[in-house]
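The sequence and structure are shown first.

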Amino acid sequence: EKMNGYFGFCFVHDFAFLLDALEEDVMIFTNIISEIVHNQVAHHLGSPNKNIGDSWLCVWNHSEELVFSSRKLEGESDMTYADHAVAAFAGVIAEVKSSAKLKAITNRQGFLAKYPNGYQVRMGFGLHYGWAIEGAVGSTSKMDATYLSPHVNMSARLEAATAQIGVDMVVSEVFYKHMTPEYQRWLYKVDRVIVVGASSPMILYAYDDGVDEQNDY
């Protein structure tokens, strides 16, 4: 079925190094992050979809948003699904940075040699809104539920842009327009570009985890 939704792609940077340094323990490492991602996304009304070790695809279905638009979470009212998606990934960023489990598993000689000042897991997040074909892909031997769309691919390209810009999370212009003014203040404009796969320029916004300085810059 064709659906509209918010697509979030997140990726662990320097994963090739992690594979070499952690060896068998890379599964424990990946599952620690998976638990953080899945819990945050589920709490914020999204659906974790794909995990291929170093990356995760998460989806917030727009038709579900129309059904649950009046739902309130612990005093937070009238949040759009775009707000929830940004809040979920912001929660992942904070949890990953403070996780005692991740600090423990990466506190070993292989990490100290490359990161003498201590290793910090670095992740990138891309968020975009658009349509996708939701369905099952595979065969009788193996079947997966998935989303196929240039808009899904765009979320991955926006994640890749985080490394170029030097930020944790990048949001597209169309996604930004689905957010409420309260949560739009979590973001700031960083560029206007033509992204690969797009025919016209779009404004990119980045997440700012600092204190709101109460200005419009």
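## A glycine in the loop between β7 and β8

G197 is placed in the loop that links β7 (187-193) and β8 (202-207). The model is a predicted one, and in it G197 has a relative accessibility of 63%. Because the threshold for an exposed residue is over 50%, G197 counts as exposed.

Leaving aside neighbours within four places in sequence, G197 is in contact with M154 and R157. G197 and D208 are 11 residues apart along the chain, and their C-alpha atoms are separated by 26 Å.

## Confidence of the model

The average pLDDT of the chain is 90, and 95% of the residues score at least 70. Confidence is lowest in helix α3 (residues 62-68), where the mean is 83. It is highest in strand β6 (residues 169-172), at 98.

With a relative accessible area of 44%, S63 is partly exposed. S63 and G5 are 58 residues apart in sequence, yet the C-alpha to C-alpha distance between them is 7.8 Å.

## The two sides of helix α1

Helix α1 spans residues 15-22, and its buried residues are F15, F17, L18, A21 and L22. These residues lie on the same side of α1, because they cover an arc of only 150 degrees around the axis. On the other side of α1, A16 and D20 are exposed. As background, an α-helix has 3.6 residues a turn, so residues three or four places apart point the same way.

The buried residues of α1 pack against several elements: β1 (2-12), α2 (26-43), α5 (100-105) and α6 (109-114).

Most residues other than glycine have a negative phi. D14, in the loop between β1 and α1, has a positive phi of about 60 degrees although it is not a glycine. D14 is partly exposed, at 25% relative accessibility.

E23 follows α1 and is found in the loop between α1 and α2. Its phi is also positive, near 50 degrees, and E23 is likewise a residue other than glycine. E23 has a relative accessible area of 53% and is exposed.

## How α1 meets α2

Two packed helices are described by the angle between their axes and the distance between the axes. The axes of α1 and α2 come within 8 Å and cross at roughly 130 degrees. That angle makes α1 oblique to α2.

From α1, the residues that make the contact are F15, L18, L19 and L22. Their partners in α2 are V26, F29 and T30.

## The nonpolar cores

Which residues have the most contacts inside the largest nonpolar core? They are F29, W60, M123 and F175, in a core of 50 residues. Helix α4 (residues 81-98) gives the most to this core, with 11 residues. A second, separate core has 8 residues, among them V167, V195, L204 and A206.

F89 lies in helix α4. Its relative accessibility is 0%, and F89 counts as buried. When residues up to four places away in sequence are set aside, F89 touches G8, F9, C10, V41, C58, W60, F125, G126, L127 and M169. F89 and V37 are 52 residues apart in sequence, with 7.7 Å between their C-alpha atoms.

L45 lies in the loop between α2 and β2 (47-51). Is this residue buried or exposed? L45 is buried, with a relative accessible area of 13%, since the limit for a buried residue is under 20%. L45 and V211 are 166 residues apart in sequence and 25 Å apart in space, C-alpha to C-alpha.

Key: Residues numbered from 1 in each chain as written. Predicted model: local features only at pLDDT ≥ 70, side-chain atom pairs only at ≥ 80, totals over all residues. Heavy atoms only, no water. Buried < 20%, exposed > 50% of the residue type's maximum accessible area, 1.4 Å probe, protein only. Helix = DSSP H or I, 4+ residues; strand = E, 2+ residues; numbered from the N terminus. Arc of directions from axis to C-beta. Contact = heavy atoms within 4.5 Å. pLDDT = per-residue confidence, 0-100. Core = buried A, V, L, I, M, F, W, Y, C linked by side-chain atoms within 4.5 Å. Axes fitted to C-alpha atoms, helices over the stretch in contact; angles between N-to-C directions. Parallel < 35°, antiparallel > 145°, perpendicular 65-115°, else oblique.
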